[in-house]
Each structure stands twice: as C-alpha cells, then as structure tokens.
Amino acid sequence: MSVLVNKDTKIVVQGITGSAGSFHSRQCIAYGTQIVAGATPNRGGQKFEAEDKSGKKVEVPVFNTVAEAVKETGATVSCIFVPPLGAADAILEAIDAGCELVIPITEGIPVMDMIRVRRKLEGSNVRMVGPNCPGVITPDECKLGIMPGHIHLKGDIGVVSRSGTLTYEAVGQLTALGLGQSTAIGIGGDPVGGMDFIDCLKLFNDDPDTRAVMMMGEIGGSAEESAAAWIKENMKKPVAAFIAGTTAPPGKRMGHAGAIISGGKGTAADKIAALEAAGVKVAPSPAEMGTTLKSLL
Amino acid sequence: MKIHEYQGKQVFAKYGIPIPKGIPAFSVDEASAAAKKLIDETKNDVVVVKAQIHAGGRGKGGGVKVAKGLDAAKETAGKIFGMQLVTHQTGPEGQKVQRLYIEQGLDIKRELYLGLVVDRATRRIAVMASTEGGVEIEKVAEETPEKILTEFVDPLIGLGAYQARKLAYGLNIGEGTPEPKKTVKQFVKILMSLAELFEKEDCSLCEVNPLVVTGAGDVVALDSKINFDSNAEPRHPNWKELQDKAEEDPVEIEAKAAGLSYVSLDGSIGCLVNGAGLAMSTMDIIKYYGGEPANFLDVGGGATKEQVTKAFKMILSSDKVKGIFVNIFGGIMKCDVIAEGVVAATKELGLKVPLVVRLAGTNVDEGKKILKDSGLKIEPADSMADGAKKIVELAKA
C-alpha cells in the first residue's frame, strides 16, 4: 500500500512536449508509471513516443486540453511541466478538468498566482503537491516527477520533504540501511503551495502499510511548527525529522523562495525545538537522517 | 527584490496614495537644489533629508534628519551623503549612502503602521495595521501582539471596504482630527489602493511605516518599503530600472545572471551543491564538524557544464576560501556534468586550496572517472559526513 499514487494511477502530463516534460515523462514511463496522456495546446493529435519498463515502445496520445485528455483516457492525476508564467493557468485547467491530484513540478511561479490557485482549491477535494517540488514516488509502482527512481526501495517508511535533493539524500540513506519507502512526497520549496506537512502526515498516519515517517523541513514559515503541534495530538507512528538551515543567515533567500528567515521568524532552532517537544526525533546532522529514523523502529 | 523609498513612493503616487512632496538627489548639490525647490514650493522651510538605502532602521542609524532652512539642509545632506550607514539590518559594516531623498516637512499628529505581506499560513495577503507607527514592527509583534490588527484579502474579491473601515476604527484614526469622517475616508482609500497595488505589482512586502495623520487630518504615506516577488520579474520589465546594483553583493548579482543561487557567508569553506535543501544541509554539516561555510551555492537541477564552471570559478576567486566541498546528489543533475565543470574551472584558474568531492546519484561512475583522469589533486568522499569531516580537517591545515 501507499498514499497518493500507485501502480494503477493514470496520469496526464501537461507540457509533455517541452524539454523538461518530455525528458522526465520518458524516465517515468521507463520506471513503470502509467502516463496515459499528454496535454499541450496546439499539439493535439500528436503521439509522444517512449519506452516502457520492458523496453517496449509506447505511444502516448497528446491532447490540446486536459479536459479532452481526461475524457479520452480516464486520467485522474496531472503532472505539470509548464513554464512558470503559464503554470498557474495549467493547474487551474487540471482542477477544472476533474483531476483528483495535481502535481506542478515547475519552479518560479509568482506567489500571487499561487494565492489564486489556493483559493480555487478551497472547498474542493482536489489535492495539489508542489509547486517547485520533485514530485511523488511510490517505489516500484509509480514515479511521478523528477526524482532518480533507482535510489528508492519499496518498503514502509513514509517520506515527506520541502526539498528535492535533500529528499534524495534521505531516501539514499534509508535505502542503504535496508529501509524501503511506502511513498515519498516532495511538497516543494515555495511559500504558498499545496499539501503541507500535516496533510501528508495524516495520509501516512492512516496508511496501514506505513510504519514510520521521515520528514525534512527547512527554514522559513511555520509549517514545521504547525506539524509538530499536530503530531503531538494525533500521530500514532514514530516520526524522525531533519531541519535544513541551522547556519542560514536571516533575511536571505536560500535558493527556495520559501526558505527565508524574516523578522526573526522561521529559524531552524525554533522548528527543531517545536518538533522535539512533540516527541519527534530530530537528526543532529543531515548525514544521520537514516540512522535517526532507524533508531525509532 | 528590494527598491528604495523614493521609488516605492513613485509607485504609491501611481496608485493615488498621498505622499509628501519630495525629490531624489544623487549628490549634495542636487540635494541642495531639491531643498530650495521644495522650500519655495511649499513656503515651509522645514525639509527632511533621508538616506536611500535598502535596509530598514535608517532613522535610528542617523540616516534621516530634519533640517530647517536651506543652509541646514545642505549641511545635513553633506553629512549623510557618502556615510556608512549602520542599522540593525545592514550588519556592522553598514551601507554607503549614495542616494538621498529630500522631502517636505509635515505637521505630524500621529504615526501609524501599515504593512501588507503574503501570509504563508492562510495563503493570503495579510493587511496589518498598528497604532505603534515609526518603530520596528517586529518588536511590536513580539512584545504587544494585540496592538497589531490584521485583515486577510480574499484573492477573488480583493480587500473589502468594510475590512479597511474595521482597521480605521480599530486604530481610531479619526480621533482628534478636525473632520474624522474625512480622515477615515482617506485611510480607507489608501488601504484599498495598497491592496490593489500589492497584487498588480507582484509585491512580496509593502510597508508604510509610518503612515501619518497631519494636523489638518490628512492621511499621508511618510515612508514606503516595497519588496517585489522575484518570480514575477519576467512580467515586469520596468523592474530592471528600479534595481540598484550598488545595494547588492556583486558576487550574488553575477551568480544570478548565470542562473545560480548564491549567498555570501563569513566562513572559509566554499561549497558547491545541487538543490537548495541539500546546499543548506551542506553548510549545516560543515558547521557540525567544526568548520564555517563561506557561501551557499545551489547550481540547480539542470545546470550545464558552463554554469558549473562559472560557479566553481566564483568560489575559487574568493580570498577567504581555504577549502572547497563539492556535494552532489545527482537526480536530474548528472555527476559527469559537475565533474567536467569542476575540471574546466580548475584548469583555468588553478587550484590552490584543498578540494573534496562527493558524488552520488545519476552518472556517478562517469563523474568519478572524469575527476580521476584529470590528474587534479581531489580528495574523494564516500558520503556527506565523510566529505564534510575531510574538508574541515584539510582547511585547517
């Protein structure tokens, strides 16, 4: 079992004909992911060629609109590789087309656009992971995004993180210790995004096949503090964490748009203290994420 | 992206927000001429000389002074222009004042605070108002949070006039003014314009501290602080003209132009990493093992060999760097591309400090081979911890 995506998940990729979209769609298909449609305006009727897990050629139909793609193929999830200024529109299109889960990978979407998207999501059942994220992977079943598939191992550790490569580092450590992952979710590094830590922790808490959770946070905002409060009240499974940015100076944006300490708020020290107070074991260094989680089992 | 007070006020003016009369000046002579013009126009010999730097806390640092009469204005401008202005936001070295703003003096009765920010918890624009104007709002938030009133903007509807009125009455803005109704009306109009401006101009922060009420009961934006959301830069071509490169770290500007994300730090160990989270973690682990990072550098997910070369050169050309740690977990980023860039930069500039390289993920074997075949003195590392320990040791030697 897993959360969000599995071997049966049918996916439409928006921006499948672009350079990032086509490269990563091919990687996902080769991993075994069921990408059943592509959507790019003015490219309807084209076929997107790729090779599946067994090396067999597949042709993915491309549609002008997501609505058509959903209607013709039954796709329920959209993964978005559309450039920043068009990405919010692409997300809205996926929501309107009836997708249950939307995963915008795009980095650099203006925050005002995401505020509008969030408003659109209010009161709906549609889930969004990202933007500015690596995506979601359920090992051996469905890789949806830009993460390297081969470092993952099927198992029962849920992973959730605001950072891409730091997730790979954590997953790499877990796999090396023989600890496989149920699902790994990259929630992204933007100040306004979709699912937050609590949304993901809830899913893992309810997933019978997730035994423990590894979460990676970073400076900026208060999502980790909110998660800590939620964990203290609700979480039935052990949680290990790491918070990046102990050495980050205040007032500077550290790569991610959301990774900034402003007005003395959002420091790593505050987040670590909140998590520890909630019973979460925080890794003292990023090299000890895997071993910290293992110590809880 | 930050802009100066006088530029922010030009944006305010565009949206009909009342500001005092003022003229920017790029020399003491220009400042003097500006003061003369203002005194003549307003028939009031009080002007304010304001240092234009991006950091806050200018008044406390001695960068904002009231002058009475033209001679005093010129003398004050002479003192402030060119000074190293130190505020709680500049760091101890301060920031050189190269621009001034000369503004008419006003009859100020009350100083208030207005601030609009993106609230991450509610995912909306938060409009904050406080009676504690003219001071550090962080301090107010810390010590007397009840003095900050907040309303949230529905992105589909915009700020409601009723919300602005709620804040107006909450601040008791009409109190003691000749015509309270007029003052409330002006305040509401300003707030509505600010909310519109924030959205249309893609701000990430917009502060008026202080917003003042004059003796005549008029509401005026005495200060402005606007930060733009850098992600929205492509749809605002005019931002280029607003940029003041003298206010930014030249290395950070260079990095940005090359599509890299770089922040200078005070330590001695240079880092080159892919991904923001891993880059921060690499700084953290260097510190954990007793070293100090010299920079944050994220080459991103899809860097080319040229970008990596550029990034590595930036680290190599810094005098403070006593050792370099390259930490890569290749996902989209391929290890061989990193290796090629490192080798190319080193061949061009030479390598005078120890270099530790940790490669993992996509094309790791190809990357390791390129480094090995280069004949460069590179210390390989098996893991993040191994690499961090090694570079801290080597940089000490």
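A salt bridge here is a side-chain nitrogen of Lys or Arg within 4 Å of a carboxyl oxygen of Asp or Glu. By that rule, a search of the whole structure finds 45 salt bridges over all chains. Before we go further, please keep in mind that this is a predicted model, in which local features need pLDDT of at least 70 and side-chain atom pairs count only at pLDDT 80 or more, while totals for chains, interfaces and linings use all residues. Residues are numbered from 1 along each chain as its sequence is written, chains are lettered from A and ligands numbered from 1 in the order in which they are written, and side-chain values use heavy atoms, with hydrogens and water left out.

One of these charged pairs is R116(A) with E199(B), whose side chains meet in a salt bridge at 2.9 Å, N to O. R116(A) lies in helix α4 of chain A and E199(B) in helix α6 (residues 180-200) of chain B, so the pair joins two chains. Helices (H or I, at least four residues) and strands (E, at least two) are DSSP runs, numbered from the N terminus.

How many salt bridges does the rule find across the interface of chain A and chain B? There are eight. The interface also holds 15 residue pairs in polar contact, both at pLDDT 80 or more; a polar contact is a pair of N or O atoms within 3.5 Å, where within protein one must be able to donate a hydrogen and the other to accept it, and residues adjacent in sequence count only if both atoms are side-chain atoms. On the side of chain A that touches chain B, the elements giving two or more residues are α1 (19-31), α4 (111-121), α5 (164-176) and β13 (239-244) of chain A. The largest share, seven residues, comes from α4(A). By class, this side has 26 nonpolar, 18 polar and 13 charged residues; Ala, Val, Leu, Ile, Met, Phe, Trp, Tyr, Cys and Pro count as nonpolar, Asp, Glu, Lys and Arg as charged, and the others, Gly among them, as polar.

Now for the extent of the interface. The contact (heavy atoms within 4.5 Å) takes 57 residues from chain A and 48 residues from chain B. Together the two chains bury about 4,100 Å², 61% of it on carbon and sulfur atoms. Buried area is the accessible area (1.4 Å probe) that two parts lose on being put together, summed over both. M112(A), R119(A) and T247(A) supply 15% of the area that chain A buries against chain B, more than any other three residues.

Another salt bridge links D196(A) and R123(B), with the closest N and O atoms 3.7 Å apart.

Finally, look at the backbone. The peptide bond from G130(A) to P131(A) is cis, with omega near 5°, and P131(A) sits in the loop between β7 (127-128) and β8 (135-138) of chain A. The bond from N209(B) to P210(B) is also cis, with omega near 10°; P210(B) is found in strand β10 (residues 203-214) of chain B.
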